[in-house]
Amino acid sequence: MKVAIRIGLAGLFALMLAPAYGEASEPLKPRQQVLYDQAEIARFRGDSEEAGKILADMAAGYWSAVGYLNLSTDHARNDLNPSRALVALRVALAMADKDPDTHRKTALQARILLRAGYLSYTNAEYEKAIGFLEKIPLDSHKTPQALYFHGLALAEQGHHRAAMQSWHRAKKYPLAYPGVAEAWIGMGRGYDLSGYLGQAGEAYLAANAAYESERVTLRKLASQIRKQGAYKALVLDARGSFSGEAGLGSPKVEWFLADSRTLTQPRMAYLLGFMEQPVSQQAVSRVEDLAKMAAQLQGSVQDLDVFIASIVGQLESSGSATETAQQDALEDTHSRLELRMNALLARSDSRELNTDQYQQLRVIQTTLSDSGRQLDKFEGLSANRAQNLKALLVEARQLRKDSLAHLESVKALRAPAEVLLDQLALDFVKAQDKKMMVALDKTEQQIAHLYEYLALKELDSGEQGR
């Protein structure tokens with residue numbers, strides 16, 4: 001099974017909407033990813049030895065870590081003893097530690113540790129399993145399942161009270177996370193093994209009620225997806241409930257009692273589960289990109305509307321009577337100033353001005369002459385300005401027309417993309433509902449067995465009394 005680790009919780013919405021790694025549409029792949037793909041091809045052929053050789057030549061980092069994680073899956077499936085799989089997982093942990101992307105590294109390490117803990121548990125190495133599981137960060141969405149396995153390992157050692165503490169902690173997470181539904185059943189089993197049959201029955205009944213309530217939640221979510229679309233009902237609404245990174249709890253308390261509020265939103269829980277699959281990531285990414293394009297194009301159309309209105313206003317005012325009157329007034333004023341200047345210069349010929357005054361008049365005359373030339377050019381510049389504005393207006397209107405055409409194309413593409421995303425989301429919700437039905441069936445069986453045991457016990461007590 002190909003593993004695609006995409007997201008760490010802190011950077012969830014910055015990374016979760018990107019295409020899955022290894023996607024064929026990527027133009028250029030880094031060398032490490034190319035080697036990873038080669039190892040995967042060898043692994044799919046059943047040649048684990050060749051895959052291991054390729055991975056051994058890779059540099060430490062994300063891709064080699066994922067490769068060893070996948071290789072451990074093959075070893076676990078093919079070997080009766082999980083030792084080779086655990087060795088591969090330890091190598092994967094070492095490789096992942098060299099990944100410079102902190103959030104991606106944390107997410108991958110949590111997955112590796114969970115896998116190692118599970119394999120150790122199935123091999124009856126309970127202390128080793130507990131050691132792996134307690135290293136999983138509390139802000140990982142793998143924590144609920146880790147808590148469940150942690151409780152199982154403790155229960156196998158006979159520590160039923162400690163096991164129930166782990167399961168009680170797992171129960172605080174939404175039922176959408178793997179391991180939570182099982183933890184509810186585990187609480188009943190823990191009371192049963194501890195000899196508290198009445199409390200065991202109450203725990204099973206509470207689990208039943210929780211599963212029924214979750215099925216109602218799932219039906220409501222499916223209804224919202226049908227009405228609003230999966231992008232709004234699942235992705236955007238989950239973003240709204242996401243409040244950022246929570247603390248890891250006090251270091252003085254036990255690992256399984258530490259508090260983490262990061263993952264307590266049910267909608268976020270279902271979104272994380274949905275985004276586990278690369279096909280879901282691609283579907284969300286496609287709708288996200290098209291939504292961004294539509295917003296940008298709509299903004300461009302609005303900006304162009306303002307720009308066009310401004311150009312039209314300038315063109316309407318450029319040939320107005322007010323502007324013509326202002327130009328005529330300037331030319332009239334300039335003519336009067338030139339007449340006065342000529343008169344002053346004429347007086348200089350009759351020796352009425354000294355040399356300094358005469359030089360100042362010459363400077364003023366030069367300035368007036370320059371102003372006259374500028375006024376002569378003004379009409380031509382005004383005409384050119386109008387032509388330039390008209391050219392800009394034509395270009396702006398064409399850009400607006402093109403933007404609207406592109407906007408329609410984006411809308412046409414977005415509709416089927418949203419339909420595909422909706423169907424994937426509805427299938428996911430349906431699968432979650434089936435899980436709740438299976439859990440309900442298990443609790444009902446446990447309740448039936450418990451009542452049967454109590455009835456037989458009461459019958460035996462009655463016979464002994466006679």
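A helix axis here is a line fitted to C-alpha atoms, over the stretch in contact, and angles run from 0 to 180 degrees between N-to-C directions. Helices (H or I, at least four residues) and strands (E, at least two) are DSSP runs, numbered from the N terminus.

Before the details, some background. This is a predicted model, in which local features need pLDDT of at least 70 and side-chain atom pairs count only at pLDDT 80 or more, while totals for chains, interfaces and linings use all residues. Residues are numbered from 1 along each chain as its sequence is written, and side-chain values use heavy atoms, with hydrogens and water left out.

The protein has 16 helices and zero strands. Of its 466 residues, 42% are buried; buried means under 20% relative accessible area, exposed means over 50%, and partly exposed is in between (1.4 Å probe, protein chains only). Contact means heavy atoms within 4.5 Å. Among contacts with a separation of 6 or more, 69% are between residues 24 or more positions apart.

I begin with helices 9 and 10. The axes of helix 9 (residues 160-171) and helix 10 (residues 180-194) come within 8 Å and cross at roughly 155°. That makes helix 9 roughly antiparallel to helix 10. For reference, angles under 35 degrees count as roughly parallel, over 145 as roughly antiparallel, 65 to 115 as roughly perpendicular and the rest as oblique. Helix 9 passes helix 10 in a left-handed crossing, meaning that the near helix is turned anticlockwise from the far one by less than a right angle; clockwise would be right-handed. On the helix 9 side, the residues in contact include Trp 167 and His 168, and on the helix 10 side they include Trp 184 and Tyr 191. The residues of this contact divide into nine nonpolar, five polar and one charged. In this division Ala, Val, Leu, Ile, Met, Phe, Trp, Tyr, Cys and Pro count as nonpolar, Asp, Glu, Lys and Arg as charged, and the others, Gly among them, as polar.

Next, helices 6 and 7. The axes of helix 6 (residues 102-122) and helix 7 (residues 126-133) come within 8 Å, crossing at roughly 165°, and the two helices are therefore roughly antiparallel to each other. Helix 6 passes helix 7 in a left-handed crossing. Among the residues making the contact are Leu 113 and Tyr 121 of helix 6, with Tyr 126 and Phe 132 of helix 7. Eight nonpolar residues, two polar and one charged take part in the contact of helix 6 with helix 7.

What is the phi of Ala 124? Although Ala 124 is not a glycine, its phi is positive, about 65°. Ala 124 sits in the loop between helix 6 and helix 7 and is partly exposed, with a relative accessible area of 46%.

Now helix 3 (residues 48-56), whose buried residues are Ser 48, Ala 51, Gly 52, Ile 54 and Leu 55. They cover an arc of only 160° around the axis, so they are on the same side of helix 3; the arc is that of the directions from the helix axis to the C-beta atoms. Glu 49 and Ala 56, on the other side, are exposed. Helix 2 (31-44) and helix 4 (62-78) are included in what covers the buried residues of helix 3.

Gln 33 is found in helix 2 and is buried, with a relative accessible area of 2%. Gln 33 and Trp 63 are 30 residues apart in sequence and 6.1 Å apart in space, C-alpha to C-alpha. Gln 432 lies in helix 16 (residues 355-465) and is buried, at 7% relative accessible area. Not counting residues up to four places away in sequence, Gln 432 touches Ala 176, Leu 218 and Tyr 270.
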